[in-house]
Amino acid sequence: MAIKRRPVSPRQKMINLMYIVLLAMLALNVSPDVLNGFTIVEDNIRRSTASTTSDNESMYRGLDAQMAANPVKVKEWFNRARQVKAMSDSLYDYAEALKRAIVLHSDGADGNVLDIRNKDDLESSTYVMLNPTSGQGSRLYRAINTYRTRITSMITDRDEQKVINHNLATVVPKRAGNLGKNWQQYMFENTPTAAAVALLSKLQNDVRYAEGVALRNLVANIDIKDIRVNQLSAFVIPSASTVVQGGKFSAQIIMAAVDTTKRPSIYIGGRRVSSDGKYEFTCGRTGDFNLTGFIEMENGSGQIIRRNFSQKYSVVAPAATVSADLMNVLYAGYSNPMSVSAPGVPLSKIGVSMSGGSLTPAGEGKYIARPEAVGKDAVITVTSDMEGRRVEMGKFTFHVRKLPDPTAYIAFSDEKGAASQYKGGRPLSKSILMSSRGIGAAIDDGLLNIPFSVQGFETVFFDNMGNAVPEISNSSNFTERQRNMFRMLSRGRRFYITRIKATGPDKIERTLPQALEVIVN
């Protein structure tokens with residue numbers, strides 16, 4: 001039987017149009033700095049994943065060598081390692097395919113996961129993951145749960161199991177206020193493309209970590225350290241392959257499987273160097289270089305064995321990295337967390353200073369920056385101690401901005417006595433409204449978590465004739481007149497809290513442009 005559709009009323013059409021406009025406004029309000037922050041996080045995750053993948057591949061190569069040398073002893077654990085690799089690659093590749101699908105939907109056929117153009121697109125992740133007919137969210141949810149169960153069954157260390165269970169959890173936090181959303185809705189509904197890609201990259205990183213833990217458990221069962229070598233090789237082990245100009249190149253030069261009671265002879269450039277295996281020199285110019293030479297050693301029969309070695313290294317000009325942990329700007333009057341590092345330089349030898357504000361150490365490589373004034377750039381200078389002399393590694397300029405406006409809310413305690421916030425968008429129990437003392441304001445966007453002090457606000461009620469009835473409070477608390485108005489509100493009625501004046505840690509008083517709509521239940 002055909003289903004007859006009800007006509008859409010003009011009022012409902014207007015509500016639908018207002019919802020679309022609201023979504024557009026929300027999209028426009030996504031800060032480019034926040035989206036760029038996701039890109040920075042994505043890059044860091046990608047580098048970490050590459051490093052973990054390299055470590056895992058090294059263990060696989062070791063297992064391959066053990067399998068070739070002793071298949072009877074190694075076969076059981078070798079086969080399990082292949083299973084770990086197969087299921088890890090499957091989930092990793094699936095996450096990569098989802099990233100590509102989201103970016104292609106967001107940027108078009110020429111979309112590139114490594115260079116997302118429409119980072120603030122809120123529709124693509126929702127379409128790819130939650131589409132009723134082709135959405136991948138449920139499949140990803142099941143795949144993660146299956147992988148987590150299988151991979152933890154191969155790990156005996158309970159602490160490692162807890163870490164992996166936490167990393168690959170698919171439980172929606174109760175504190176999230178998700179209004180009954182499932183995991184895939186909580187993760188991907190209306191999520192910007194840049195954020196969705198970062199979330200999937202985080203999943204890939206967690207998969208490679210879990211894979212590595214499982215491999216180490218398997219390797220421990222066959223005692224990979226029990227490998228016996230059957231040949232002699234020369235190795236150069238540098239303390240760092242990249243050296244800052246003016247610094248020293250330091251390396252250990254050894255012959256594998258040598259008798260520790262005998263010292264080999266080491267030759268570089270035709271000249272014999274120290275026999276203790278340590279070689280260092282001062283790097284006077286930048287560029288790519290190659291350290292070559294050979295090692296000679298006498299075997300048990302008195303025969304001289306010679307092995308050549310070669311090690312590439314790079315010498316770079318002094319450089320440093322200074323990054324704001326939250327975004328690429330600093331906020332005046334606020335304690336901005338910063339990270340400072342310099343390649344090839346220990347943190348203990350790095351000096352950091354700041355003009356246009358104050359800079360306070362907060363741990364190794366961590367600082368708290370407090371700029372003086374909005375509009376006045378803050379400059380951070382990094383120096384390092386190079387063999388007793390101070391070398392400037394770089395200057396970094398940050399624009400100083402005013403803290404963004406906070407979000408207002410009605411503070412109350414839930415049935416368990418826990419502090420809660422009402423930010424509108426749903427009915428509020430009249431009993432909760434009457435029990436609340438007043439309103440608060442804070443920035444709580446996932447990056448910043450900053451409370452503000454409310455100085456005053458205005459409530460606007462509407463009588464039966466549609467006339468506005470304002471009531472003013474000169475503090476953060478509801479006045480007695482406002483409470484009397486609350487008592488007279490019937491179910492389904494609403495009022496508005498406007499002209500909210502709030503002051504943040506920057507001591508700047510502002511009037512919030514948004515009104516808080518309260519619907520009485």
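Biologist: How many salt bridges does a search of the whole structure find?
Modeller: The search finds 17 salt bridges. Keep in mind that this is a predicted model.

Biologist: What makes E372 and K376 a salt bridge?
Modeller: The cut-off is 4 Å between a Lys or Arg side-chain nitrogen and an Asp or Glu carboxyl oxygen. In this pair, the closest N and O atoms are 3.2 Å apart. That is within 4 Å, so the pair qualifies.

Biologist: Is E372 called buried or exposed, and why?
Modeller: E372 has a relative accessible area of 52%. Exposed means over 50%, so E372 is exposed. K376 has 44% relative accessibility. The value for K376 lies between 20% and 50%, so K376 is partly exposed.

Biologist: How do you know that R510 and D405 form a salt bridge?
Modeller: Their closest N and O atoms are 3.4 Å apart. The limit is 4 Å, so this pair counts too.

Biologist: Which parts does the pair of R510 and D405 tie together?
Modeller: R510 lies in strand 25, residues 509-511. D405 lies in the loop between strand 17 (400-401) and strand 18 (407-413). The tied parts are 105 residues apart in sequence.

Biologist: Are R510 and D405 buried, exposed or partly exposed?
Modeller: R510 has 5% relative accessibility, and buried means under 20%, so R510 is buried. D405 has 34%, so D405 is partly exposed.

Biologist: What makes E458 and R499 a salt bridge?
Modeller: The closest N and O atoms are 3.7 Å apart. That is again within 4 Å, so the pair qualifies. The pair links distant parts of the chain, with E458 in strand 22 (residues 449-462) and R499 in strand 24 (residues 494-503), 41 residues apart.

Biologist: Which residues are linked in a network of salt bridges?
Modeller: E57, K85, D89, R208 and E211 are linked in this way.

Biologist: Which residues of helix 10 are buried?
Modeller: In helix 10 (residues 480-487), the buried residues are Q482, R483, M485 and F486.

Biologist: How do you know which side of helix 10 they are on?
Modeller: They cover an arc of only 155° around the axis, so they sit on the same side of helix 10.

Biologist: What covers the buried residues of helix 10?
Modeller: The cover includes helix 9 (430-435), strand 22, strand 23 (468-473) and strand 24.

Biologist: Now the open sheet of three strands: what is its order?
Modeller: The order is 12-15-16, with antiparallel pairing.

Biologist: What makes strand 12 and strand 16 edge strands?
Modeller: Strand 12 (350-355) and strand 16 (389-398) each have a single partner strand, so one side of each is left without a neighbour in the sheet. Neighbouring strands of this sheet are turned by 20° against each other on average, direction ignored.

Biologist: How do you know that strand 15 and strand 16 pair?
Modeller: Pairing needs at least two bridges. Strand 15 (residues 378-386) and strand 16 have nine, so they pair, in the antiparallel sense.

How values were computed
Residues numbered from 1 in each chain as written. Predicted model: local features only at pLDDT ≥ 70, side-chain atom pairs only at ≥ 80, totals over all residues. Heavy atoms only, no water. Helix = DSSP H or I, 4+ residues; strand = E, 2+ residues; numbered from the N terminus. Axes fitted to C-alpha atoms, helices over the stretch in contact; angles between N-to-C directions. Buried < 20%, exposed > 50% of the residue type's maximum accessible area, 1.4 Å probe, protein only. Arc of directions from axis to C-beta. Contact = heavy atoms within 4.5 Å.
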